[in-house]
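Me: I should like to discuss how the terms used for a structure follow from their definitions. Please set each value against its cut-off before concluding.

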Amino acid sequence: MRVLVIGSGGREHALIRKIKESDKVDYIACTPGNGGISYDAECFGVGACDIDGVVSLAKDIKADLVVVAPDDPLVLGMVDALNAEGFATFGPNAAAAIIEGSKVFSKNLMLKYGIPTAEYKVFDNAQDAIDYITEKNEFPTVIKADGLALGKGVLIPENLEDAVNGVREIMEDKVFGDSGNNIVVEEFLTGPEVSVLAFTDGKCVKPMVSSMDHKRALDGDKGLNTGGMGTVSPNPYYTKDVARECMEKIFLPTIDAMNKEGRTFKGCLYFGLMITPNGPKVIEYNCRFGDPETQVVLPRLKTDIIDIFEAINSSTLADLDIEWSDEACTCVIMASGGYPKSYPKGIEINGLTDGQLDGVTVYHAGTAVKDGKLVTSGGRVLGVTALGSDIRQALSKSYDAVSKISFDGAHFRKDIGKRALEALK
């Protein structure tokens, strides 16, 4: 098989490394890819949202399967365009991808079908939202831009002044563009967070192993929100009882709801969950693999991922037994100095050979190869990932590897997995 992967980050690199393990695959291409990915796949210069360009590339390289990994092209309908040209794909069509593409849609879906989530209200006018927040006077509160915002469209103000400023920035200053034409204001839920990715063919749901993300830039969950500074799997808060409740009250009802809406979802559906005192509730849905959750989930997958993709396409997922390793997996993100704000690019990375290091897997999120040297090209640069008999051993291996990799200004959290270890005591 000849496989084309769309995207350029750590998630895409994790998918490519897993696809590379399949005996069914003899050629992998990626567009636009990055420096680290270029060691594992042939990279092209077509943008991830260039639908016509991707369709043309798929024809040129005679792709047997196209894996559309990022949210933007999925929401824009890249899968629809590829299917129309006869290509097998992995990823939902535009009608289903709206579950991430519109927070208003997903919240209304949950309300309509009784799927547990935070209480909320939708606004298309900044003053109305401000009046509502002022009247409620409950903090912290949560403000979400309706559309895609590179994972940064969620604010959690601690007081009225910050809330008012947040509403105005999103709806009037348009810091997230048209994604902020509408907003969702919702109650702030408390409890441990859990990320669960699930394979689904629109009929059957097969959850993957759980993970725990670390969104804040600095140790102790301080600093600005990021795309994720590290992950561990499994998440100790996701017990068998919680998993059973999620399947019964969230996973299956979500798939059923999408079917009833005429938006059958086929691909990977991401459930961002909060284990509240009143049971698990949905914080958000994503229409694709999470980043950096994918980097700790896929290394634990024992089943050929191509078999899974094919089962989803043929609606036979229920017949496939998906196996997972009992090992733990941890990922520590090494980021550019200044991330998640402005940061320099083009800084040489030292300590890697052909992008890798013995004993761990280094997933590249923001790298490039220039003049034969590996350099930084993004905010999140590397995801240093290790398997171990338990979370503690895996973390030890990840951090030992981090100490051997260097680039000027590099920063990383030193407490990835701390909450997970505390929960295991």
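This is a predicted model: local features need pLDDT of at least 70, side-chain atom pairs count only at pLDDT 80 or more; totals for chains, interfaces and linings use all residues.

Me: How do you know that the span of α8 agrees with that of a helix?
Reply: Helices (H or I, at least four residues) and strands (E, at least two) are DSSP runs, numbered from the N terminus. The expected span is 1.5 Å times one less than the number of residues. For the 12 residues of α8 (residues 160-171) this should give 16 Å, and the end C-alpha atoms are 16 Å apart, so the two agree.

Me: Which residues of α8 are buried, and why are they placed on the same side?
Reply: Buried means under 20% relative accessible area, exposed over 50%, and partly exposed in between (1.4 Å probe, protein chains only). In α8 the buried residues are A163, V164, G166, V167, I170 and M171. They cover an arc of only 160 degrees around the axis, which puts them on the same side of α8; the arc is that of the directions from the helix axis to the C-beta atoms.

Me: What covers the buried residues of α8?
Reply: The cover, judged by contact (heavy atoms within 4.5 Å), includes β6 (120-123), α7 (126-136), β7 (141-145), β8 (154-155) and β9 (183-187).

Me: Why is H13 called buried?
Reply: H13, found in helix α1 (residues 10-19), has 0% relative accessibility and therefore counts as buried. Its side chain reaches the backbone nitrogen of H364 at 2.8 Å. Leaving out residues up to four places away in sequence, H13 touches G36, I37, D40, Q356, V362, Y363 and H364.

Me: Why does S102 count as buried?
Reply: S102 lies in the loop between α5 (94-101) and α6 (103-113). Its relative accessibility is 11%, so S102 counts as buried. The side chain of S102 reaches the backbone nitrogen of F105 at 3.0 Å.

Me: How do you know that C43 is in no disulfide?
Reply: A disulfide is a pair of cysteine sulfur atoms within 2.5 Å, and by this rule the count comes to zero. For C43, the nearest cysteine sulfur, that of C30, is 5.1 Å away. C43 has 28% relative accessibility and so counts as partly exposed.

Me: What of C246, and is that residue buried or exposed?
Reply: C246 is likewise in no disulfide, the nearest cysteine sulfur being that of C268, 15 Å away. With 0% relative accessibility, C246 counts as buried.

Note on methods. Residues are numbered from 1 along each chain as its sequence is written. Side-chain values use heavy atoms; hydrogens and water are left out. A polar contact is a pair of N or O atoms within 3.5 Å; within protein, one must be able to donate a hydrogen and the other to accept it, and residues adjacent in sequence count only if both atoms are side-chain atoms.
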